[in-house]
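Open your viewer and get ready to click through a few selections. Each stop tells you what to select and what you will find there.

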Amino acid sequence: MTDPVRYSVENGIAQIAVDNPPVNALSQAVRAGLDDALARFAQDESARIAVLYGVGRTFIAGADIKEFGKPMAEPFLPDVINRIEACDKPVIAALHGTALGGGLEVALGCHARVALESARVGLPEVTLGILPGAGGTQRLPRLTGAKAALDLITSGRHVGAAEAETLGIVDAVSRDDDALNAGLAFARAYLDKAPALRRTGEIDPGAKGEALFADVRKATQKRARGQLSPMVAIDAVEAAYDLPFFEGLSRERALFTELMASDQRAGLIHAFFAERAVAKIPEAGQATARPLHTVGIIGGGTMGSGIAVAALGSGLDVTLVERDDASAERAHAMVARLLDDGVRRGKMDASKRDGILAGLFRVATDYSALAEADLVIEAVFEDMEVKKEVFRKLDAVCKDRAILATNTSYLDVNEIAAATTRPQDVIGFHFFSPAHVMRLLEVVVADKTAADVVVTGFALAKRMKKVAVRAGVCDGFIGNRLLNTYRKAADYMVEDGASPYRIDAALVDFGFPMGPFAVGDLAGLDIAWAGRKRRAATRDPRERVVGFADRLCEREWFGQKTGRGFYRYEEGARRGTPDPEVEAIIAAEREAKGIVPRDFSDAEIIRRYMAAMINEAAKTVEEGIALRPLDVDVTMLFGYGFPRWRGGPMHYADTVGLKTILADLREFAKEDAFFWEPAPLLVRLAEEGKTFASLNSEG
Ligand code: T1G
Ligand code: NAD
């Protein structure tokens, strides 16, 4: 192994190279190496200035997240950075790739910064449940002022080199494409000019804008929805104004240590690694992705048009096939509108949109237009017969080795595959609505799906900047299967006395952006209704059946799109208001069944909802539908609004303790043994004192 930090001198300029692949994280060895290099530079009479840079794809991406939660070994990063800043000779940071977190903090402790045009910088710590703990909250505002510092630190957003220069984070942007060269050129110019050494910690931060801090606190509280770190980070930045520099650093460290010990930090770090671990699937080592250039989409409704936009945005050529000319025209208009929205919201430039509409996108009504497609994604009505017919036609026209994917929400992908002569090429790509926005893609692997088809699904997700989770075939795969179960738990509580509005509010308090009844209204209550009707014939006679949602659907109250569902929606409104008529319908249902309504506390609502979700999740893992508990977590985080700072339902279950979850299930099973029957996996883990995490490779 080479040294993670190397020191050399050429022409009076010291070069300090950080080389710790893949992202030059600040492990103990790197921190110690930086300290040594600094000490050598300080004593080295042959060097007048030093350039600090990263080897490989990036500068320094921050602290080594794998060390979190373990005892920290010396030297500590804040001390290393203070020693850099205290040096009597200039140290220049040369940035390329991403200078994030502790990486940017190292750069802020240097005496000047130069960045390549492609470089990005940021303090993403709040997204990991902590705050910049190596001087970032004290040094950044001294360079940028409080407003920009609060924005960057509370959001964790990355900024490009040009914006970083405007904000005062970097002193210059270099056209060079090599960080060391850029740093050396900057150093030579610096020596020529010989400015006074500027230590960031010695800059006067100016007066505190009380009103600014009050405004930012208010806005952040609203946005953070229960997440602590952005709020605590504001306290740390405030210390830059209330306290002398070194006392501010101590305050920052104390707040950092507090957050480091929090469950939220553990949840967010779990989410970080889980998001990357989902790509580690058995097929990854067995096959390589098939090339993808041209994509066909069948059906240009809600999903088909969104999928088209996602594909077009990632540079793919798309042909969308609809039933007739009128539907095709409508689909074309819908895609064009979504692209326009993207331009309006700054997600895409107008020239890219124009290029897509002129060259990459077309609609058709004849399947023969798909003869050359590398991949076809079907998004027609959720009806087995319709889907089989589509796949038969695709089988007839598509070229050899074209991948045939279905976006079905619930249907049996094996049965769809069996309608073709090439089941090895058939797979489920379950996108979420709106498909050009939602980041989850469930890659549903059927019995005969070939390994390279699975790998291509993951490659497609990456290209679309989505997160793919591998799922097996069952009713609803991972996400919708869980959804069906926890929805039932919610419905049972409503029938037993809880108001749907109370349940929604309790779940919003828990951290979900919306509760299940508001979500139902958004998705359309008719979708779940169709599912209930489809399953009625095969339903287990022991299953408790609740009728109030059917009563709403019978009135054609399908949610937002009809102006009424569980809530009432004023013309065009996206937020509904509670509806006393709905409560009356529910009350009548209870009365007809002789149920005397009882009270549910918020805590009990959460216990039941989560126990139902976790129990079903344990079954999906046990059956191999989900590869590991972490795959369930990522599904719920990216597709269902589960609060990221709770890490996902399986991580949450570990936090609460599996024994507690099991005890809840057993208690609830006294009233409904069928619904609440504990998953054998959960029983086994609880009895052995183990966690779900023990089944993840992260251990
Ligand atoms: N520590 C340890 N491992 C890391 C890591 C890190 N900081 N960053 C990435 N990895 C691993 C990652 O798990 C993956 O491993 C591989 O590197 C490639 O990553 C004191 C306390 C830098 C933009 O939050 O945002 O500094 O899966 O697949 O898409 O105030 O990684 O291959 O085994 O994501 O090119 C702040 C987190 C830390 C940056 C590169 N820093 N990283 O993206 O590759 S807190 C961050 C990223 C801190 C101080 C505090 C991205 C990236 P594997 P990748 P990528
Ligand atoms: P939709 O009704 O909005 O769109 C379906 C489109 O398919 C219509 O435009 C229709 O004209 C077209 N179509 C029907 N038969 C066709 C055929 N034989 N050839 C060509 N076009 C045909 O439905 P949607 O909400 O977009 O759902 C599509 C699929 O995606 C369903 O399987 C659904 O379960 C699934 N899905 C939906 C969501 C969601 O939230 N809406 C989420 C994930 C998956």
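**Stop 1: helix 12**

Select helix 12, which has 12 residues; at 1.5 Å a residue they should span 16 Å, and the end C-alpha atoms are 17 Å apart, so the two values agree. Keep in mind that this is a predicted model.

Now colour the helix by burial. Helix 12 is mostly covered, with 10 of its 12 residues buried. Which residues of helix 12 are buried? They are M303, G304, S305, G306, I307, A308, V309, A310, A311 and L312. Step just past the end of helix 12 and click G315. G315 has a positive phi of about 90°.

**Stop 2: ligand 2**

Next, select ligand 2 and show the residues around it. There are 22 of them, and M303, E322, E382, K387 and S409 come nearest.

Zoom in on the polar contacts.

- Click E322: a polar atom of its side chain lies 2.5 Å from an oxygen atom of ligand 2.
- Click R323: an N or O atom in its side chain is 3.0 Å from an oxygen atom of ligand 2.
- Click Y367: here a side-chain N or O atom is 3.3 Å from a nitrogen atom of ligand 2.

How much of ligand 2 does the protein bury? Taken alone, ligand 2 exposes 830 Å², and the protein buries 82% of that.

Helix 12 (302–313), helix 15 (384–397) and strand 15 (426–431) each give at least two residues to the shell around ligand 2. Colour that shell by residue type, and it divides into 9 nonpolar, 9 polar and 4 charged residues.

**Stop 3: ligand 1**

Move on to ligand 1. It is surrounded by 28 residues, and the closest are R57, G102, E105, E125 and R276.

Show backbone atoms as well as side chains here.

- Select A63: a backbone N or O atom lies 2.8 Å from an oxygen atom of ligand 1.
- Select I65: a backbone N or O atom lies 2.9 Å from a nitrogen atom of ligand 1.
- Select E125: a polar side-chain atom lies 2.6 Å from an oxygen atom of ligand 1.

Ligand 1 exposes 1,000 Å² when taken alone, and the protein buries 75% of that area. Which elements give two or more residues to its shell? They are strand 5 (98–100), helix 3 (102–109) and helix 11 (263–277). Helix 11 gives the most, with 3 residues. By type, the shell around ligand 1 holds 16 nonpolar, 5 polar and 7 charged residues.

**Stop 4: helix 21**

Select residues 525–536, which form helix 21. This helix has 12 residues and reaches 17 Å from its first C-alpha to its last, close to the 16 Å expected. Its buried residues are L525, W529 and G531. Why do these three sit on the same side of helix 21? They cover an arc of only 160° around the axis, which puts them on one side together. An α-helix has 3.6 residues a turn, so residues three or four places apart point the same way.

**Stop 5: A489**

Finish with helix 18 (residues 479–496) and click A489 inside it. Is A489 buried or exposed? It counts as buried, because its relative accessibility is 2% and the cut-off for buried is under 20%. A489 and A93 are 396 residues apart in sequence, and their C-alpha atoms are 55 Å apart in space.

Definitions and conventions: Residues numbered from 1 in each chain as written. Chains lettered and ligands numbered in written order. Predicted model: local features only at pLDDT ≥ 70, side-chain atom pairs only at ≥ 80, totals over all residues. Heavy atoms only, no water. Near = heavy atom within 4 Å. Polar contact = N/O pair within 3.5 Å; in protein donor to acceptor, adjacent residues only side chain to side chain. Areas by Shrake-Rupley, 256 points an atom, 1.4 Å probe, with all protein chains shown as cover. Helix = DSSP H or I, 4+ residues; strand = E, 2+ residues; numbered from the N terminus. Nonpolar A, V, L, I, M, F, W, Y, C, P; charged D, E, K, R; others polar. Expected span 1.5 Å × (residues − 1). Buried < 20%, exposed > 50% of the residue type's maximum accessible area, 1.4 Å probe, protein only. Arc of directions from axis to C-beta.
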